[in-house]
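Thanks for coming. I will walk through one structure, beginning with the chain and ending with the ligand.

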Amino acid sequence: MSRQHIVRLVSQKGGVGKTTIAVNLAVYLKGMGYETLLIDADTTNPSVGFHLGMERASIGYRSIAYGRSPLREAVAVHPSTGLHVIPGIINAKPFIVSDEAVRRIHSQLGKSDYRFVIFDTQPGYANFHVSKYVDETLIVTTPDMPSLSSAIRVASTLDRLRAKHSMVLNRYSGRKYEVSPREIGSIYEGRLQAVIPEDPIVPMSIEEHIPAMELGRRTGFAREIASFGRSYCDLNMSGEPEAPLREGFFRRLFRFWHR
Ligand SMILES: Nc1ncnc2c1ncn2[C@@H]1O[C@H](COP(=O)(O)OP(=O)(O)OP(=O)(O)O)[C@@H](O)[C@H]1O
Ligand SMILES: [Mg+2]
């Protein structure tokens with residue numbers, strides 16, 4: 001990989017696992033030796049700090065968004081992993097990030113040495129129109145139709161904005177009533193990057209303030225995040241995403257619904 005890669009995790013529905021995946025992917029990439037910056041850009045309900053035990057930060061994303069501090073002054077170092085984090089201020093009022101602020105933040109990121117920058121965001125479409133600064137948007141969904149349906153709508157919006165995207169299925173247990181990876185493949189034209197299992201290590205890790213990748217290295221969750229992270233590095237080094245999947249039954253059904 002020759003340059004910085006900026007990834008943003010999004011969903012329109014809340015609570016699908018954006019923060020969980022952002023935190024643990026960042027911990028994995030840092031553990032692999034990549035200089036990685038995790039930014040809690042959730043301006044309504046920041047929660048990265050809960051996963052990392054960094055919920056008492058005094059300078060956070062808001063300070064750089066408002067131009068009060070340069071990026072490097074807002075960076076905190078997670079003690080056990082060495083991961084660089086720009087936390088959110090948990091008690092702060094929700095705020096809106098202007099286009100000018102987005103430009104300012106990305107101009108500073110461009111001058112930094114980070115190989116990976118991972119943005120955790122709030123649910124919804126905030127700052128989608130400035131997608132040009134982001135290399136890839138990961139749409140997170142859970143294995144149910146309401147969540148997948150909203151994820152497909154997010155994908156359409158990103159397509160209109162010509163923003164590159166892929167999907168992550170989180171909390172998958174393989175139960176009969178769940179939407180399966182195969183069904184997603186037949187509905188979603190982009191790449192399904194990872195299937196992350198439902199795993200009790202996640203709520204346990206939030207309770208302990210230790211990232212799940214550290215607390216439960218041998219869990220199914222950690223294994224899948226690691227394999228996701230590995231393929232992620234490979235994907236970015238080789239550049240091109242895989243060819244879109246063939247149109248299947250569910251995709252045709254979806255096109256029928258969304259005519
Ligand atoms: N793979 C998983 N296995 C078990 N529980 C999970 C998993 N992923 C997320 N969770 C649980 O789901 C809840 C929501 O996860 P998370 O905060 O990461 O979602 P989010 O998309 O960031 O939410 P928000 O939209 O509010 O920012 C958390 O309490 C977490 O414990
Ligand atoms: Mg979140």
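How many helices and strands does the secondary structure of the chain come to? The chain has 11 helices and eight strands, where helices (H or I, at least four residues) and strands (E, at least two) are DSSP runs numbered from the N terminus.

Some ground rules. This is a predicted model, in which local features need pLDDT of at least 70 and side-chain atom pairs count only at pLDDT 80 or more, while totals for chains, interfaces and linings use all residues. Residues are numbered from 1 along each chain as its sequence is written, chains are lettered from A and ligands numbered from 1 in the order in which they are written, and side-chain values use heavy atoms, with hydrogens and water left out.

Now the chain as a whole. Of its 259 residues, 52% count as buried. Buried means under 20% relative accessible area, exposed over 50%, and partly exposed in between, with a 1.4 Å probe and protein chains only. The chain exposes about 12,600 Å², of which carbon and sulfur atoms supply 50%; accessible areas come from the Shrake-Rupley method with a 1.4 Å probe, and for residues only the protein chains shown count as cover. Among contacts with a separation of 6 or more, 78% are accounted for by residues 24 or more positions apart. Contact means heavy atoms within 4.5 Å.

Next, helix α6, residues 145-160. At its start, a side-chain oxygen of D144 reaches to within 3.0 Å of the backbone nitrogen of S147. That is a polar contact: a pair of N or O atoms within 3.5 Å, where within protein one must be able to donate a hydrogen and the other to accept it, and residues adjacent in sequence count only if both atoms are side-chain atoms. The 16 residues of α6 should span 22 Å at 1.5 Å a residue, and the end C-alpha atoms are 23 Å apart, which agrees. The expected span is 1.5 Å times one less than the number of residues.

The buried residues of α6 include L148, I152 and T157. T157 counts as buried because its relative accessibility is 16%. Leaving aside neighbours within four places in sequence, T157 is in contact with Y125 and F128.

What follows α6? R162 does, with a positive phi near 55°. Most residues other than glycine have a negative phi. R162 lies in the loop between α6 and β7 and is exposed, with a relative accessible area of 77%. R171, in strand β7, also has a positive phi, near 65°. R171 is partly exposed, at 39%.

A side-chain N or O atom of K18 is 2.7 Å from a ligand oxygen, and a backbone N or O atom of V16 lies 3.0 Å from one. The protein covers 83% of the 630 Å² of accessible area that ligand 1 has on its own. Elements giving two or more residues to the shell are α1 (18-31), β7 (165-172) and α8 (201-208). The shell divides into seven nonpolar, six polar and five charged residues. Here Ala, Val, Leu, Ile, Met, Phe, Trp, Tyr, Cys and Pro count as nonpolar, Asp, Glu, Lys and Arg as charged, and the others, Gly among them, as polar.

Last, α1 itself. 13 of its 14 residues are buried, so α1 is largely enclosed by the rest of the structure.
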